[in-house]
Amino acid sequence: MYPRLGFRSTVFFYYLLLGLSLFSCQKKTQDIRMPAGSDITLVWEHVRNARNDSIPALVRFSLINQGDTPLPSQGWAIYFSYLIGPKPAADALPGLTFTRISGDFFSLSPTTEFAPLVPGEKRDYEFSGAGYSTKTTEGPTGAYIVFTTADGQESIPELIQIMVEPYTRAEQIRMGDADQKPLPTAENAFIQQAEVSLLPASSLTPVLPSPYQWKWGKDTFQLTRRVVIVAPDTLQQEARLLNEALRLALGNKLDIQTEKPANGKAIVLELRSGAFTAQEAYSLRITADQITIAGEDLAGVFYGIQSLRQLLPLEAYADDQSVCLLPAIQIDDQPRFGYRGFHLDVSRNFHSAASVRKLLDVLAFYKINTFHFHLTDDEGWRLEIPDLPELTQVGGYRGHTLDESNRLRPAYGSGPFADPARSPGSGFYTRAEFIDILRYARERHIKVIPEIDVPGHARAAIKAMEARYTRLVAENKTEAAERYRLLDPSDQSQYRSVQNYPDNVLNVCRESTYAFLTKVVDELQKMYADAGLTMQVLHVGGDEVPTGVWQQSPLCQELLAVDPTGQPKDILTKYFLRRLDAILEQRDIRLAGWEEIALQRVPRPEGGYRYDPNPTFLTDNFLPFVWNSQGEAVDLGYRLANAGYDVILSAATNLYFDLAYDNHPEEPGLYWSGYVDTKTAWRFSPMNMFAAVATDRMGRPLGSTAENRSSLNLDARDHILGIQGQLWSETIKNPGMLEYYLLPKLLGLAERAWAPQPSWETLPESTRRNVQFDRDWNAFANRVGQRELPRLDYLGGGYQYRLPPPGAQIVSDTLQVNVAFPGLAIRYTTDGNDPSPKSAVYEGPVAIPADATVKLKTFSRNGRGSRTVAVER
C-alpha cells in the first residue's frame, strides 16, 4: 500500500495541496458512490530513455485505489499536465484512452474494456515511444479526477496523488546513446570544479560587475549616523534610494542636504554631464573624509550608488551597525553595452507584482537597465485592459473547464482551481499595479519593454475575445461583438504550434484584429503616460508561427489572391508586420520582436528552408532579439547585424535561465538548448559567439571556431546593442523558484553586459586562451562565493538563490571536497544522515572510516542548504 502523504526512500512524491473549492459545477450524484480523489494514486516510472531508433523510451505507471469504494468502469477522467517525455498512442493502454486535449494538458479515461478498480487494487500499464525525460519533475503534474453522470453533469474536480519514481539509473538520466555528459555524481562534480580554488579576499575585484578602472587607496571612511548626504535637487530621488539602503545598514536614515556642511563627513552626489565618455558612466571616490559619486547622468549616479552599497561590509546587511568602515578607493566606470536586459515570462505561470518589484531591485543592484515584461502568451493574458474585461477575467485564469468560455484550460501543472491563491496559472496585474511597476522601475533607472505576443502565442487573447463575442451576441450587440474578434469562424486551417496548440494564431486578415491591437497599444500608452513615461518600444513576439496557418481561411484567401506568389504563411506574416508597424509608427513606438521578425525563409535546393536577413524591414527600424544560438543558427545575430539590423543577443545556449543548472534528475528546469549555470552565462561571448558554449546539450565539444559561419563585421559591431537574459516560466511556480532559477546566473549576465571585454573573449582556441579563461573564472567564482551570495542572504530581505552542491571524492581513505563558488561553507556527516547547519564543517581533507557513507551539503549564512550529495568509501 502506498502512503497518502510523505516521502518514501524509493519514491519521489508530489502531493498537490491546492484546496477543494471551485466553480459552479454539480456535486457528485448521491445515488452512485464514488471514491474520493485523495483515494486515487497515479504512480509514474520513467524506465528508460530512447537509446536509438530501434530501442524506444519506456514508461510504466500504475493506478491505485486506496479507498473503500471502487473506481467505476465508466464516468470519470483523470486530467494532468505532462510536458516532457514519451506519449503513448491513443489505443496503447488496455482499458484506457490517453488523450492530448491541448498543449501539455492530457486526460486518462476508461474505455468499455475498463473493469472497476476495486479498493486496494493496483493496476499496471506500460507504453513505449520516442523522446526522453531526465528529470523527476517531468512526470505528470496538477492531476485531478472528475466524475460525470449519464446526463453529462460533472462533479467538482478533486486532486489525486502523484508519485514519481526516482531517476537513479544511467538509462533514465542519459538522453540516449549519443549523450556524452558525465553522470551527475559528486565524484564527477569534483573533477568539473577542479579549476577553482580559494583566493585571498584582498585579491578580488571589489565590485560586481567589474568596473572599467579601479584602485585601492590607503585610508578608510567611517560611515556613521552623523554622516550627511549632499545632493542637488536633480538628484533627490537617488539620494532617497541611497538613504534607504544605508538605513538598513545603520538602523537610521541620514540627513539629506543640498549644500555640503562646513564640518563633518559627507556623501556627495554630483551630476557632471559631459565630463564622461559614455552615458551611465560614473566615478566613485572614497577618502577618509568624504565619499563622492559623480555621474554623467542620473543613471550614472545611481550606478555609483550601487557600487558604494557593494563596498559595505557584509555584516551591515545582516545586522545594524553603529559604524561601517569603507576602504578608500577610486573607481571610474562605464558600461560595455547600453542595453543590459532581463526578460520575465509571467504568462505560462504568473508572478505577483511584489515578486516583480523584488526582481527589479536585484536587477538594478547589478546594473541591469531594461526589463522585458512578457505579459501575454497562449497560457495567460496578464494585464488589465479597460473595456476588454474578458482579457483578464477569462485569459487571466486557468482551471477545469469544458469549453473555455470562462477560463483557460490548465497548463504546466496549474491544476483545476482558477484561484491565484492556489494556482500559479491564474492572476493578472490591474492597471494600477502595472503603473506602479513602471514607476518603481523608473526610479531604479530600468526601462520596461512590454511584450504582447502576436500573431502566434495568442491563444489566451483569442479565447478571451471569443468569450466577449459570445457575451455581446447574447446581448444582441453583434456589431460590438465583432469589433475585436480575433479569429475567422470559417477558417478550417490545420496546424499545430511548437507547444501543441491548434488554435493559437490571430487571423491576420480580419480588420478587427488590427482594431484590437490598436486598442491594446493605446491603453498601454496611457498607462505609461500615467506613470510619467513614454512608451518607446513594444515587443510583439512574432515567433513560432506554425506551418499551415491561415491556408483555409476564406478571409485570407481573398487577401492572397492579390499576391499569390510565395508561401501563404510568409506573405501574410509580412502583411501583418507591416500593418502592425504602421500602428506603432503613428505613435512613435519602435517595433521589437524575436528574430523571426527580421528573417525570411529561403528554400534550400535539397528541401526545407534556411533563414536569411529580410531586407524588407531594414528601413523600418525593427529591433530583433536573437534567441536561437544553436547549431547553424549560432551566427544568426551576426548575420542580422551585418545586414544592418540593430540586435539584442538573447542566446538560448547561454542566457535562457529557465534551462536547468545541470543534468541531475532532481535539478529542475528544461534542457532543450543545453544546460545553463552561472559559468555558462558568464562565458557568453558577444563578440565571439562561436566560443560562447563549450559543449552541446549531449556533452559533445563544440570548439571555438567559426567553421564557415559568418563572423561579425567590424563596421557592424555597433549594431550589437546589448545582451539579455530570459526567464521563461513553464516550470517556475512560486517566488522561491523564480529566485532559484535567477540567481546566481544573473551575476554572469551582469558581468558580460557591463564589464569590459575580457582578454580571452576573441582569442582563438589555444592554451593561452584556456589559461586566461580559467584564471578569470576562478576569480569570478571566488567573488560570487565569498561576497555576492552571502550578501544575497540578506539583500532585500534575502533571495533564495541556488546553492551549488559540493563535489567530493574519497582517495586512499581520505575525503576531498570542493565547491563551485569557493568561500561557501560545506558540512558533512559520516553516519548516513543528511547534514544540518550544525554538522561538521569541511575545512580540509578528512580521514573516513571503513564502510562509511559520507553525505555533504553546501550551506548559506542563514542556514539554507543545497541538495545533498553522497560518496562511499
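## Second largest pocket

Helix H13 provides six residues to the lining of the second largest pocket, the largest share of that lining. In this predicted model, the elements that each supply at least two lining residues are helix H13 (568-585), strand E25 (599-603), strand E26 (609-613) and helix H14 (636-643).

The volume of the second largest pocket is about 990 Å³. Its lining comprises 41 residues, and those that lie nearest the centre are Leu 599, Gln 600, Arg 601, Arg 610 and Tyr 611. By class, the lining of this pocket divides into 16 charged, 14 nonpolar and 11 polar residues.

## Packing of helices H3 and H4

Two packed helices are described by the angle between their axes and by the distance between the axes. For helix H3 (residues 236-250) and helix H4 (residues 298-311), the angle is about 10° and the axes are 10 Å apart. Because angles under 35 degrees count as roughly parallel, H3 is roughly parallel to H4.

On the H3 side, the contact is made by Glu 238, Leu 241, Leu 242 and Ala 245; on the H4 side, by Leu 298, Val 301, Phe 302, Ile 305, Leu 308 and Arg 309. The residues of this contact comprise eight nonpolar and two charged, with no polar residues.

## Confidence of the model

The mean pLDDT of the protein is 93, and 96% of its residues reach 70 or more. Over residues 1-30, by contrast, the pLDDT is below 50.

Technical notes
Residues are numbered from 1 along each chain as its sequence is written. This is a predicted model: local features need pLDDT of at least 70, side-chain atom pairs count only at pLDDT 80 or more; totals for chains, interfaces and linings use all residues. Side-chain values use heavy atoms; hydrogens and water are left out. Axes are lines fitted to C-alpha atoms, for helices over the stretch in contact, and angles run from 0 to 180 degrees between N-to-C directions. Helices (H or I, at least four residues) and strands (E, at least two) are DSSP runs, numbered from the N terminus. Angles under 35 degrees count as roughly parallel, over 145 as roughly antiparallel, 65 to 115 as roughly perpendicular and the rest as oblique. Contact means heavy atoms within 4.5 Å. Ala, Val, Leu, Ile, Met, Phe, Trp, Tyr, Cys and Pro count as nonpolar, Asp, Glu, Lys and Arg as charged, and the others, Gly among them, as polar. On a 1 Å grid over the protein atoms alone, a cavity is a set of points where a 1.4 Å probe fits but cannot get out, and a pocket is an open set with protein on both sides within 12 Å along at least five of seven lines; lining residues have an atom within 4 Å of a point. Grid points are joined across faces, edges and corners, and a volume is the space filled by probe spheres set on the points. pLDDT is the predictor's confidence in each residue, from 0 to 100.
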